[in-house]
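Thank you all for coming; I would like to take a few minutes to walk through one structure with you. Please have a look at it first, and then I will go through its parts in turn.

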Amino acid sequence: MNGDDRVGVNFRAVRARGLAADRMFRCGAVTTYTARDATALRDRYGIRALVDLRSRREIDKYGAPKALQDAGIRWVNAPVTGYPSTPIDKPRPTSDDVAAYYHGMLADALPESWPDLFAALASVAHEPFLVCCHCGKDRTGVVVAAVLDTVGSPAADIAEDYGASAADLVARVDLFEDKWSKRGHTRDDYLTRMRVVPATMADFLAGVPGGLAGFVARRVDPADLAAVRAALAAP
């Protein structure tokens with residue numbers, strides 16, 4: 001997408017071998033989406049639901065996805081939260097720091113985070129749906145990776161999808177000024193966070209004991225896991 005065809009921020013279909021085409025989409029900054037964006041999500045892409053990974057505190061600060069709700073897109077809040085941000089607190093975290101942060105999303109998230117998330121995914125995955133967090137790269141990246149690993153997508157495809165966030169996030173970095181200014185960081189500091197690379201996701205995946213799909217299988221309801229696989233695995 002480009003020019004007038006662009007929809008929202010960091011929006012795209014998730015593409016990977018093993019995944020049903022045009023079923024799972026991802027984005028960031030969903031509360032900045034306009035009525036035009038929401039209409040395109042509904043009518044051009046067929047999106048019927050949004051799985052929002054943001055915490056209640058973020059929703060209180062930035063708001064609900066009103067434009068999407070007004071367009072009839074169902075909003076399902078399934079926060080992945082409770083883990084520390086310590087690994088990425090420095091102005092310019094390294095790729096290893098970011099991978100450590102992602103491991104915290106598995107090891108230290110609130111116990112209900114992953115079961116509730118897959119229950120939400122199971123409830124929407126029979127139709128095209130959207131996954132978002134704040135920027136659409138970290139929590140969204142890990143959750144999309146978990147779904148892709150669950151349906152058997154190759155690690156290289158998962159990493160490539162993750163890295164595809166960089167272009168639009170770098171171009172739209174000023175939308176997130178409050179995120180760096182409140183920490184006393186600079187715009188250039190924050191740009192380093194937006195320049196996500198496939199190697200970060202590849203390193204994270206390689207470091208999950210038993211694999212990401214194994215982690216999910218140990219923590220979520222088997223019925224929800226089966227429903228997600230049935231809906232999202234490529235025929």
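This is a predicted model: local features need pLDDT of at least 70, side-chain atom pairs count only at pLDDT 80 or more; totals for chains, interfaces and linings use all residues.

Residues are numbered from 1 along each chain as its sequence is written, and side-chain values use heavy atoms, with hydrogens and water left out.

Let me begin with the sheet, which is open and is formed by five strands in the order 1-2-5-3-4, with mixed pairing. Strands here are DSSP runs of E with at least two residues, helices are runs of H or I with at least four, both numbered from the N terminus, and two strands pair if DSSP finds at least two bridges between them. At the edges are strand 1 (9-13) and strand 4 (74-77), each of which pairs on one side only. Strand 4 runs parallel to its partner, strand 3 (residues 49-52), over four bridges, and in strand 4 it is Asn77 that is the bridge partner of Asp52.

Trp114, Leu117, Phe118 and Leu121 of helix 5 meet Val142, Val143, Ala146, Val147 and Thr150 of helix 6. By class, that contact has eight nonpolar residues, one polar and no charged, where Ala, Val, Leu, Ile, Met, Phe, Trp, Tyr, Cys and Pro count as nonpolar, Asp, Glu, Lys and Arg as charged, and the others, Gly among them, as polar.

Helix 6 also has a contact with helix 11, made by Gly141, Val142 and Ala145 on the helix 6 side and by Met201, Phe204 and Leu205 on the helix 11 side. Those residues divide into five nonpolar, one polar and no charged.

Finally, the backbone: most residues other than glycine have a negative phi. Which phi does Asn10 have? Asn10, which is not a glycine, has a positive phi of about 55°; its place is in strand 1, and Asn10 is buried, with a relative accessible area of 2%. Asp22 has a positive phi too, near 55°, but Asp22 lies in the loop between strand 1 and strand 2 (24-28) and is partly exposed, at a relative accessible area of 40%. Buried means under 20% relative accessible area, exposed over 50%, and partly exposed in between, with a 1.4 Å probe and protein chains only.

Terms used
Contact means heavy atoms within 4.5 Å.
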